[in-house]
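Have a look at the chain, and then we'll walk through it together.

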Amino acid sequence: MYGFTQSFNISVSAALSLASLRQRLQPKFNEFALCEAQLRRTLLSWLLQSIPRADRLEKAFLEGK
């Protein structure tokens with residue numbers, strides 16, 4: 001390290017560790033990619049769980065209201 005600092009704080013240490021991990025995992029990201037259908041199902045599931053009263057909104061949408 002250069003400068004007056006003698007050590008990294010915990011947030012800098014975590015950032016450096018995560019950056020290093022990401023670099024090592026980058027070549028394998030395509031192995032874990034979702035296909036389009038899986039991506040849409042996952043997004044829909046997340047939206048239905050995240051939006052208040054999503055079941056009512058979905059029902060009204062499907063009924064054309």
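Which residue takes a positive phi just after helix 3? That's Gly64, with a phi of about 85 degrees. Arg53 also has a positive phi, of about 55 degrees, although Arg53 is not a glycine. You'll find Arg53 in the loop between helix 2 and helix 3.

A word on ground rules: this is a predicted model, where local features need pLDDT of at least 70, side-chain atom pairs count only at pLDDT 80 or more, and totals for chains, interfaces and linings use all residues. Residues are numbered from 1 along each chain as its sequence is written, and side-chain values use heavy atoms, with hydrogens and water left out.

**Layout and confidence**

The chain has 3 helices and 0 strands, so the elements read α-α-α from the N terminus on, with helices (H or I, at least four residues) and strands (E, at least two) taken as DSSP runs numbered from the N terminus. Helix 2 covers residues 36-50, and helix 3 covers residues 54-63.

As for pLDDT (the predictor's confidence in each residue, from 0 to 100), the chain has a mean of 85, and 86% of its residues reach 70 or more. Confidence is highest in helix 2, at a mean of 92, and lowest in helix 3, at 89. Where pLDDT is low, the predicted coordinates should not be read in detail.

Of the 65 residues, 2% count as buried. Here buried means under 20% relative accessible area, exposed over 50%, and partly exposed in between (1.4 Å probe, protein chains only). Helix 3 is hardly covered: among its 10 residues, the count of buried ones is 1. The accessible surface of the chain comes to about 6500 Å², and 61% of that belongs to carbon and sulfur atoms; these areas come from the Shrake-Rupley method with a 1.4 Å probe, and for residues only the protein chains shown count as cover.

Some individual residues compare like this:

| Residue | Relative accessible area | Class |
|---|---|---|
| Glu36 | 48% | partly exposed |
| Arg40 | 57% | exposed |
| Leu47 | 31% | partly exposed |
| Arg53 | 55% | exposed |
| Glu58 | 35% | partly exposed |

A search of the whole structure finds 1 salt bridge (a side-chain nitrogen of Lys or Arg within 4 Å of a carboxyl oxygen of Asp or Glu). The side chains of Glu36 and Arg40 meet there, at 3.3 Å, N to O. Both residues lie in helix 2, 4 residues apart, about one turn of the helix. An α-helix has 3.6 residues a turn, so residues three or four places apart point the same way.

**A nonpolar patch**

Leu43, Trp46, Leu47, Ile51 and Leu57 make a nonpolar surface patch of about 490 Å². Patches are made of residues with over 30% relative accessible area and no salt bridge, where like charges are joined within 9 Å and nonpolar side chains (Val, Leu, Ile, Met, Phe, Trp, Tyr) within 5 Å. Helix 2 gives the most to this patch, with 3 residues; Leu47 is found in that helix.

Over in helix 3 sits Glu58. Glu58 and Leu48 are 10 residues apart in sequence and 8.6 Å apart in space, C-alpha to C-alpha.
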